[in-house]
Amino acid sequence: MRVVLAEDLFLLRDGLVRMLEAFDFEIAAAVESGPELTKALAELQPDVAVVDVRLPPSHTDEGLQCALAARRAKPGLPVLVLSQHVEQLYARELLADGTGGVGYLLKDRVFDAAQFIDAVRRVAAGGTAMDPQVIQQLLSRRSADQPLGALTPREREVLELMAQGRSNAAIAAQLVVTERAIAKHTSNIFGKLDLPVSDDDNRRVLAVLAYLDQGR
């Protein structure tokens, strides 16, 4: 699996390269600026891009804007964004096209290699990998009189775990309940949000996130 990595801090960039290579990823390019990222994404056509939000020369949202432009040129290009903070605008922009293959992780909340590698693989496969804090902030933007307000606390909890890309089995294990109970909660969520039920976990997550994105 070919990866384009964009991170301006040398030690972090080098560490990410070494970790990805240890798990049999091929580093197509490891760059440190927005212009380099744009060139690499256009020319190398990677399987997934791992991108820091803030890159030179502006150190604002250079990395994200390059990734979004690349996704417009190649819809569905998998992009995993790394950030120091929850930026709701960035998360909504990533979700806006609804084509999948998106992730948003907070750097200081990635606690081990397995967590990070799982997120890269999930995004590369067309799924989602959203940090729980990002999901909670997206959820909090919806007002109580909107359909999200009709969800029970347990349904909201299930929805947040769904948005992280968890399967029913994984959610059941996390909440220490049966898969049948999660299936019932999931059905209730789709009914209350007027979303079509799908057996495809990634499409289900994307549908929920697309709905949450409408609250901007």
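**A buried aspartate, and onward**

Author: Asp131 is buried, with a relative accessible area of 4%. Keep in mind that this is a predicted model.

Reader: Where is Asp131 found?

Author: Asp131 is in the loop between S6 and helix H6 (132-140).

Reader: Which residues is Asp131 in contact with, leaving aside neighbours within four places in sequence?

Author: Those contacts are Tyr104, Leu105, Leu106 and Arg109. The C-alpha atom of Asp131 is also 8.9 Å from that of Ala163, a residue 32 places away along the chain.

Reader: Ala163 is in which helix?

Author: Helix H7, residues 153-163. Ala163 is buried there, as are Glu155, Val158, Leu159, Glu160, Leu161 and Met162. Just after H7 comes Gly165, with a positive phi of about 100°.

Reader: Positive phi. Which residue other than glycine has a positive value near 70°?

Author: Asp24 has that phi. Asp24 sits in the loop between helix H1 (10-22) and strand S2 (26-31).

Reader: Is Asp24 buried or exposed?

Author: Exposed, because its relative accessibility is 70% and the cut-off for exposed is over 50%.

Reader: And which residue has a positive phi near 55°?

Author: Val176, again a residue other than glycine. Val176 lies in the loop between helix H8 (168-175) and helix H9 (179-193). With a relative accessible area of 73%, Val176 is exposed.

Reader: How do the lining residues divide into nonpolar, polar and charged?

Author: Six are nonpolar, two are polar and five are charged.

Reader: Now the strands. How many residues of S4 are buried?

Author: Five of five, so strand S4 (residues 79-83) is mostly covered.

Reader: Which way do the residues of S4 point?

Author: Val79, Val81 and Ser83 point one way, while Leu80 and Leu82 point the other way. In a regular strand, side chains alternate between the two faces of the sheet. In S4, the residues pointing either way are all buried.

Reader: In what sense do S3 and S4 pair?

Author: Strand S3 (residues 48-52) pairs with S4 in the parallel sense, over four bridges. Ala49 stands opposite Val79 in S4.

Reader: What about the loop between S3 and helix H3 (62-73)?

Author: Pro57 has its place there. The peptide bond from Pro56 to Pro57 is cis, and its omega is near 10°.

Reader: Let's zoom out. How many helices and strands does the chain come to?

Author: The count is 10 helices and six strands. The chain has 216 residues, and buried residues make up 47% of them.

Reader: What share of the contacts with a separation of 6 or more comes from residues 24 or more positions apart?

Author: Those residues account for 64% of such contacts in the chain.

How values were computed
Residues are numbered from 1 along each chain as its sequence is written. This is a predicted model: local features need pLDDT of at least 70, side-chain atom pairs count only at pLDDT 80 or more; totals for chains, interfaces and linings use all residues. Side-chain values use heavy atoms; hydrogens and water are left out. Ala, Val, Leu, Ile, Met, Phe, Trp, Tyr, Cys and Pro count as nonpolar, Asp, Glu, Lys and Arg as charged, and the others, Gly among them, as polar. Helices (H or I, at least four residues) and strands (E, at least two) are DSSP runs, numbered from the N terminus. Buried means under 20% relative accessible area, exposed over 50%, partly exposed in between (1.4 Å probe, protein chains only). Contact means heavy atoms within 4.5 Å. Two strands pair if DSSP finds at least two bridges between them.
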